[in-house]
Amino acid sequence: MEFKKEIIIDKPIETAWEVLGNQFGDAYKWASGINHSKAFSPPIIKGAPSNNRACELPSGKIKEVIRKFDSNNYILEYEVIEGFPFFVDTAINNWQLTKISADRTKVDMHLVVKTKGLMGSIMNPMMKMQLNKQLIHIPNDLKHFVETGNPSQNKAKELGKLSKKVA
């Protein structure tokens, strides 16, 4: 299954890349559906901030590895390597930023999830529906955070719920 999202951010490409690429480990600050995230292990790809990221989601924990980090062409690609159900074969997310003007950036997100086996075939429609629901907010979350420095309304609501659980 494939998911493609595109959005325009009214900020320079370098500002968007700083949040998306250079602050790879801090996605929890802006992305809905991520309770916490942290980069770990030294970078293998030159220029990358780390090699991996651990994320705590409402549904559990996942680990991701950076597969491509190109700060000259503003491309970030990572793969979930741990934490998805056994019937998920691969989940690879690719982000590409394109400069529209000095203060406008186009963001393209392309997620490809491949399932395997009979259970993968059975769970595919439900998983697609769940991922669609989650992915609807993420590009807008990034846009809002890059443009304002604050979490989106959806992310702020999640953070409020999390702080109540901790208290």
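Which side chains meet in a salt bridge at 3.1 Å, N to O? They are the side chains of R67 and E77; the pair is taken up again in point 5.

1. Basis of the model. The model is predicted, so local features need pLDDT of at least 70 and side-chain atom pairs count only at pLDDT 80 or more, while totals for chains, interfaces and linings use all residues. Residues are numbered from 1 along each chain as its sequence is written, and side-chain values use heavy atoms, with hydrogens and water left out.

2. Strand pairing. Helices (H or I, at least four residues) and strands (E, at least two) are DSSP runs, numbered from the N terminus. Two strands count as paired if DSSP finds at least two bridges between them. Strand β1 (residues 2-9) and strand β7 (residues 104-115) run antiparallel and are joined by eight bridges. Within this pairing, I8 stands opposite K106 of β7. Strand β6 (residues 88-101) also runs antiparallel to β7, with 12 bridges between them. A hairpin of two residues connects β6 to β7.

3. Two residues of β6. N93 lies in strand β6 and has L111 in β7 as its bridge partner. At 8% relative accessibility, N93 counts as buried (buried is under 20% relative accessible area, exposed over 50%, partly exposed in between, with a 1.4 Å probe and protein chains only). Apart from neighbours within four places in sequence, N93 is in contact (heavy atoms within 4.5 Å) with L76, E77, Y78, M109, H110 and L111. T98 is also placed in strand β6, but T98 is partly exposed at 34% relative accessibility. Not counting residues up to four places away in sequence, T98 touches I13, R104, T105 and K106. The C-alpha atoms of T98 and Y74 are 7.4 Å apart, although 24 residues separate the two along the chain.

4. Positive phi angles. Most residues other than glycine have a negative phi. S41 is not a glycine, yet has a positive phi of about 65 degrees. S41 sits in the loop between β2 (36-40) and β3 (52-57), and is partly exposed at 31% relative accessibility. Y74 is another residue other than glycine with a positive phi, near 55 degrees. The loop that holds Y74 runs between β4 (60-70) and β5 (75-82), and Y74 counts as buried at 17% relative accessibility.

5. Salt bridges. A salt bridge is a side-chain nitrogen of Lys or Arg within 4 Å of a carboxyl oxygen of Asp or Glu. By this rule there are 11 salt bridges. The side chains of E6 and K106 form one at 4.0 Å, N to O. This pair links distant parts of the chain, with E6 in strand β1 and K106 in strand β7, 100 residues apart. E6 counts as exposed at 52% relative accessibility, whereas K106 is partly exposed at 25%. K63 and E82 meet in a salt bridge at 3.8 Å, N to O. K63 is in strand β4 and E82 in strand β5, 19 residues apart. K63 is partly exposed at 30% relative accessible area, as is E82 at 45%. R67 lies in strand β4 and E77 in strand β5, so the pair ties together parts 10 residues apart in sequence. R67 is partly exposed at 42% relative accessible area, while E77 counts as buried at 16%. Salt bridges that share partners also join D10, R104, K143 and E147 into one network.

6. Helix α3. In helix α3 (residues 138-148), the buried residues are I138, P139, D141, L142, F145 and V146. Why do they lie on the same side of α3? They cover an arc of only 155 degrees around the axis, where the arc is that of the directions from the helix axis to the C-beta atoms. Just after α3, G149 takes a positive phi of about 80 degrees.

7. Nonpolar surface. F86, L118, M119 and I122 make a nonpolar surface patch of about 470 Å². Patches are made of residues with over 30% relative accessible area and no salt bridge; like charges are joined within 9 Å, and nonpolar side chains (Val, Leu, Ile, Met, Phe, Trp, Tyr) within 5 Å. Accessible areas come from the Shrake-Rupley method with a 1.4 Å probe, and for residues only the protein chains shown count as cover. M119 is in helix α2 (residues 117-135) and is partly exposed, with a relative accessible area of 36%.
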